[in-house]
Amino acid sequence: PKYGGTKSPDEYADVAFKAACAANFIGGCFEVAGILIAKLIRDHFPRAALFAPICGVGFVWLGFSPLIDVMREPLVGFLPLALCFTSFFSAKGAGVYPRVVPMSFVILLIGTTLWWCGVARWDTEGRYGKYTPDGTKVAANGDLNDVSLMKEMVEYMTDNHAGRNEWSPFSCLDGFDEVTSRAVAIQFPIALASFLETVENVEAAHLEGDSFNVNEAMLADGLGTMFGAMMGAVMPTTVYIGHKRHKTVNARYAYSLVNGILYFILMMSGLTAVLFYIIDPVSIGVILIAVGLMIVQQSLENSASRHYPALLIGIMFVVADMLYFDHFNQAVALTTRQLQRSRGVANMAPGGGILCSIMVAAILCDLIDARFVRASIWCVISCLFSLFGLMHGNNYVFSDGSMMFAETGGDIFTTDLGEVMLSTETWPKENKFGAPVKQSDDWKYRINGPESGTEMRAFNEGWRFAVAYAVLAVFCLIHAAAQKFGKVMCSEVIMDNGVGSGPTGAWAHTTTATAESTNEGKETKEIESATV
């Protein structure tokens with residue numbers, strides 16, 4: 001609406017790109033500010049809660065999602081998958097093969113060879129051909145199951161992208177004209193999730209015997225994100241995920257240096273677009289499976305087994321992120337056979353489920369350990385996060401009654417949830433573009449959707465979770481009082497923050513054992529005073 005339809009699609013794309021760079025710069029500022037609470041988070045969250053988000057990301061997006069691709073194309077993916085396990089999980093993670101050639105290269109080579117032999121069956125979305133403005137087709141659709149069309153796309157990408165450079169440094173300076181307070185509110189949860197994962201990955205490195213200054217890591221991430229945004233990057237930086245694998249193969253600072261140089265060459269030369277159509281995506285996913293499962297393995301090894309139920313609950317929020325996204329078709333219309341399940345998934349998924357993953361897991365860990373006072377503190381924080389959209393941000397109406405999103409696909413639903421805003425029980429008064437919304441006599445607290453023949457209205461869910469967490473905080477305080485004064489329940493409290501004993505059996509090692517886990521899993525138990 002700002003431009004009144006005066007810009008062409010290419011001009012709109014350029015405006016959006018510059019605004020994304022500016023938003024990324026703001027996210028870097030938020031990440032630097034996270035230094036103020038990084039150590040607090042690392043010291044006071046239970047280990048399982050701290051690992052729940054990265055464990056969830058490792059399981060869902062690095063493990064489960066690529067495995068789905070392998071099962072879509074078994075003739076391409078099975079050999080790379082087998083090599084993944086013999087290379088990255090055998091022999092305590094060192095692999096059974098001599099380190100002559102990087103096994104990641106071997107996996108890519110075998111998968112890509114099979115792919116180009118034409119054994120892939122299914123076409124996939126996401127790799128489209130090129131059309132001129134008048135609709136003339138100048139390249140194939142890029143079908144991943146047709147070798148002739150694959151060749152055509154590689155030729156087109158080579159002719160039109162290789163050797164070309166359209167670098168746009170300082171684009172974010174123009175983008176700040178497009179950034180409103182609402183854009184900042186959208187960016188803040190993303191930056192919050194990013195710096196939480198930095199803290200978690202620093203802790204993961206510590207568990208492998210490599211201690212780094214978390215504040216220095218946060219500063220490097222934030223400044224790197226800001227510099228990247230100035231140079232035209234729309235994505236933030238964060239600490240490498242999967243430190244355990246990097247250490248197993250003896251990767252040090254040169255790994256990052258070589259990575260940076262290679263990416264610089266590929267991006268600046270335009271070769272990335274060509275390689276995108278040459279290398280088999282299934283075998284790329286197989287390598288991600290290895291990294292993702294290593295993260296899951298490390299999370300379980302270094303969390304107390306009694307906290308596994310809480311850790312698994314944390315993972316489920318990230319699973320919900322995938323489920324919710326897949327409930328929409330390409331027109332962003334909600335399409336599901338299980339509406340009840342979709343309502344719950346929509347309350348779990350906003351913000352990728354990252355904050356819910358860590359906060360809910362923290363509450364459950366402390367309930368397991370009978371640390372009721374600290375559990376009540378997590379409940380109060382979760383209450384505030386939910387009230388302002390940071391957790392369970394399934395919200396569609398601002399407090400003044402204006403709707404947050406334009407209706408797309410024939411309904412009110414959207415995938416873009418998790419914005420910072422005050423969540424209240426407010427009925428919509430006007431739509432995204434300021435036009436009045438006709439209210440219905442059918443509107444009540446109870447919502448019956450299209451499945452019951454009732455008109456669907458926009459709604460907010462965050463405030464309901466705020467109430468629920470407030471009630472749960474009272475529940476925890478009642479238990480704490482009964483524990484202290486009532487003598488009606490066990491008063492023994494486990495105070496070790498859920499530190500696990502590390503790898504066991506054939507995987508056990510002593511060279512990377514941390515001070516917290518040298519007791520071989522013996523849990524230190526103390527009696528918690530009423531003031532803790």
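Guide: Let us begin with K18 and D14, whose closest N and O atoms are 3.2 Å apart. This is a predicted model, in which local features need pLDDT of at least 70 and side-chain atom pairs count only at pLDDT 80 or more, while totals for chains, interfaces and linings use all residues. Residues are numbered from 1 along each chain as its sequence is written, and side-chain values use heavy atoms, with hydrogens and water left out.

Visitor: Why is the contact of K18 with D14 called a salt bridge?

Guide: The term requires a side-chain nitrogen of Lys or Arg within 4 Å of a carboxyl oxygen of Asp or Glu. The closest N and O atoms of K18 and D14 are 3.2 Å apart, so the pair meets this definition. Both residues lie in helix 1 (residues 9-33), four residues apart; helices here are DSSP runs of H or I with at least four residues, numbered from the N terminus.

Visitor: Why is D14 called partly exposed?

Guide: Buried means under 20% relative accessible area and exposed over 50%, with partly exposed in between (1.4 Å probe, protein chains only). D14 has 34%, and is therefore partly exposed.

Visitor: What makes E461 count as buried?

Guide: Its relative accessibility is 12%, so E461 counts as buried. Its salt-bridge partner, R464, lies 3.0 Å away, N to O. R464 is called partly exposed because its relative accessible area is 34%.

Visitor: How many salt bridges does the structure hold?

Guide: It holds twelve. Among them is that of R42 with E203, at 2.6 Å between the closest N and O atoms.

Key. Helices (H or I, at least four residues) and strands (E, at least two) are DSSP runs, numbered from the N terminus.
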